[in-house]
Amino acid sequence: MTSSIKFIATDMDGTLLNDNKQLPDNFYDVFNELHAKNIIFSAASGRQYQSLVNTFEPVKDKMLFIAENGTLVMYQGKELYSSTIPTSEIHAIITSVKAIENTFIVLCGKNSAYTETTDPQALEEINKYYHNLEIVSDLLAVDDEFIKIAVLNFNGTEQQIYPIIAPLYSQTHQVVVSAKVWLDIMHKTASKGSAIKELQRIFNFTFEESMSFGDFLNDVEMLKETYFSYAMDNAHPKIKQLARFHAPSNNEQGVMTVIKTQVLK
């Protein structure tokens with residue numbers, strides 16, 4: 001029975017948000033119903049924490065944020081969990097990625113995101129997900145606590161970047177295609193699923209009391225850590241195979257439809 005749900009996590013792009021990057025019309029009504037029932041709602045995204053806070057400004061102190069693909073978990077402005085990468089490893093990865101043509105790097109720290117690029121098309125794409133962004137002359141000179149390297153390639157990261165980077169780093173780090181043009185490199189144990197496992201411990205809810213929604217390959221571990229795992233109708237084929245249940249597409253407000261019919265009915 002889904003009436004036992006205590007925790008809901010949803011991916012953002014391609015899942016909760018429509019293709020115009022908008023929240024569902026009824027999002028705040030549904031959120032307030034969940035909150036009244038003490039059901040924890042979390043945005044679980046590759047996006048930066050600040051981007052998520054800006055998106056959910058009216059309810060930012062009532063929800064959980066699993067940011068940067070699970071490498072940083074925030075609640076009411078406080079860090080609950082993070083997964084950092086040593087600077088020496090960061091420098092090695094940046095050097096490897098820089099050797100790949102037509103590729104842009106976003107270095108994700110706890111304080112800000114950093115990039116060297118001034119390319120207008122790249123910055124437009126980067127700014128969608130990273131609202132705290134500094135343009136720097138040298139990524140190797142940045143001082144911060146690092147949680148992720150995001151790689152942007154407009155020709156497609158599954159074909160162009162993953163085959164080069166995975167053989168170099170997938171044994172030592174988490175290398176995941178997070179969208180058609182994005183790939184993320186993180187701490188070996190970092191994922192949305194690892195974050196949820198930690199939250200199950202902190203907030204005392206179980207695998208069977210957990211629900212999640214996803215559409216892409218960076219959602220695999222999250223779907224595995226929640227019994228009520230939903231793939232969107234627009235999801236990557238591998239996600240549809242993995243999830244126990246299916247939801248209508250992101251453009252049909254699928255996340256809200258499932259919550260209303262299965263959790264709030």
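Strand 10 (residues 173-179) is mostly covered, with six of its seven residues buried; buried means under 20% relative accessible area, exposed over 50% and partly exposed in between, with a 1.4 Å probe and protein chains only. This is a predicted model: local features need pLDDT of at least 70, side-chain atom pairs count only at pLDDT 80 or more, and totals for chains, interfaces and linings use all residues. Residues are numbered from 1 along each chain as its sequence is written, and side-chain values use heavy atoms, leaving out hydrogens and water.

Helices (H or I, at least four residues) and strands (E, at least two) are DSSP runs, numbered from the N terminus. Strand 10 runs antiparallel to strand 11 (residues 182-187), joined by six bridges; strands pair if DSSP finds at least two bridges between them. A two-residue hairpin links strand 10 to strand 11. Val175 faces Ile185 in strand 11.

Helix 5 (residues 120-129) buries Ala122, Leu123, Glu125, Ile126 and Tyr129. Its buried residues fall within an arc of 165° seen down the axis, so they line one face of the helix. The arc is taken from the directions from the helix axis to the C-beta atoms. Pro120 and Glu124 are exposed on the face turned away from the buried side.

Ser112 sits in the loop between strand 6 (104-109) and strand 7 (113-115). Ser112 counts as buried because its relative accessibility is 5%.

Two atom pairs compare as follows.

| Side-chain atom | Backbone atom | Distance |
|---|---|---|
| Ser112, polar atom | Asn132, oxygen | 3.3 Å |
| Asp119, oxygen | Gln121, nitrogen | 3.1 Å |

Definitions and conventions
Polar contact = N/O pair within 3.5 Å; in protein donor to acceptor, adjacent residues only side chain to side chain.
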